[in-house]
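Take a look at the model below. The text then walks through a loop, its salt bridges, a disulfide and the strands around it.

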Amino acid sequence: GQLKSVTYDKQRNDTILKVEFHSQLAQLTNTGYNEYSFQFDGQECSQPAPIVTSIYKYTSNSGYWGVAPPGEVSGFCNATSRGPLQSGPLSISVHIRDACSGGNASTGKVSRGKVTSYILVEEYCP
């Protein structure tokens, strides 16, 4: 499901977007993994490639490690399956998917009582 989203007003048709999602990403079960991916207006990036990160096993055989490492999902996108990213408002969201049976993701860092996950968007000229 969707974890976080932003609306970005893309300035030009011929630019490429760099997107980053920063949080603490962890897999809490002894088996399984989860995938985190970016979507642009509901579509995964197709050019140059989908922006996806997988988080694998997070616990040891003896139990919970108690550590939630910082994580990042990042990449560049200039097109989706619907074609080039056009100028104008664009919905950018980060999604999580249980990629195999037993996945149990933990996302988000609590700092001073607030979750500090965020999305960063930068627009680059060709």
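Leaving aside its neighbours within four places in sequence, which residues is Thr15 in contact with? They are Lys10, Asn78, Glu123, Tyr124, Cys125 and Pro126. This is a predicted model, and every contact here is read from its coordinates.

Start with where Thr15 sits. Thr15 lies in the loop between β1 (2–10) and β2 (16–27). The relative accessible area of Thr15 is 5%. The cut-off for buried is under 20%, so Thr15 counts as buried. Cys125, one of its contacts, is another matter. Cys125 has a relative accessibility of 52%. Exposed means over 50%, so Cys125 counts as exposed.

Two polar approaches involve the side chain of Thr15. One is to a side chain: Thr15 and Lys10 are joined by a polar contact of 3.1 Å. The other is to the backbone: the oxygen of Arg12 lies 3.1 Å from a polar atom of the Thr15 side chain.

Arg12 leads on to the salt bridges. How many salt bridges does the count come to? The count is 2. In one, the side chain of Arg12 meets that of Asp14, at 2.8 Å from N to O. Both partners are partly exposed: Arg12 at 38% relative accessibility, Asp14 with a relative accessible area of 43%. In the other, the side chains of Glu20 and Lys18 meet at 3.1 Å, again N to O. Glu20 has a relative accessibility of 11% and counts as buried.

Now turn to the cysteines. The model has 1 disulfide by count. Cys45 and Cys77 form this disulfide, with their sulfur atoms 2.3 Å apart. The cut-off is within 2.5 Å, so the pair qualifies. Cys45 lies in strand β4 (residues 43–47), and Cys77 lies in strand β6 (residues 70–77). The pair therefore ties together parts that are 32 residues apart in sequence. Such a link is a covalent bond between the sulfur atoms of two cysteines. Are Cys45 and Cys77 buried or exposed? Both are buried.

What is the handedness of this disulfide, and why? The torsion about the S-S bond of Cys45 and Cys77 is about 105 degrees, so the disulfide is right-handed.

Strand β4 also has pairing partners. Strand β3 (residues 34–40) pairs with β4 in the antiparallel sense, over 2 bridges. Phe40 stands opposite Gln43 in β4. The two strands, β3 and β4, form a hairpin, with 2 residues between them. Asp41 is in the turn and has a positive phi of about 50 degrees. Strand β7 (residues 79–80) pairs with β4 too, antiparallel and over 2 bridges. There, Gln47 stands opposite Ala79 in β7.

Where is confidence highest, and where is it lowest? Confidence is highest in β4, at a mean pLDDT of 92. Confidence is lowest in strand β11 (residues 110–111), at a mean of 64. The protein averages a pLDDT of 78, and 70% of the residues score at least 70. Where pLDDT is low, the predicted coordinates should not be read in detail.

Technical notes: Residues are numbered from 1 along each chain as its sequence is written. This is a predicted model: local features need pLDDT of at least 70, side-chain atom pairs count only at pLDDT 80 or more; totals for chains, interfaces and linings use all residues. Side-chain values use heavy atoms; hydrogens and water are left out. Helices (H or I, at least four residues) and strands (E, at least two) are DSSP runs, numbered from the N terminus. Buried means under 20% relative accessible area, exposed over 50%, partly exposed in between (1.4 Å probe, protein chains only). Two strands pair if DSSP finds at least two bridges between them. A salt bridge is a side-chain nitrogen of Lys or Arg within 4 Å of a carboxyl oxygen of Asp or Glu. A polar contact is a pair of N or O atoms within 3.5 Å; within protein, one must be able to donate a hydrogen and the other to accept it, and residues adjacent in sequence count only if both atoms are side-chain atoms. Contact means heavy atoms within 4.5 Å. pLDDT is the predictor's confidence in each residue, from 0 to 100.
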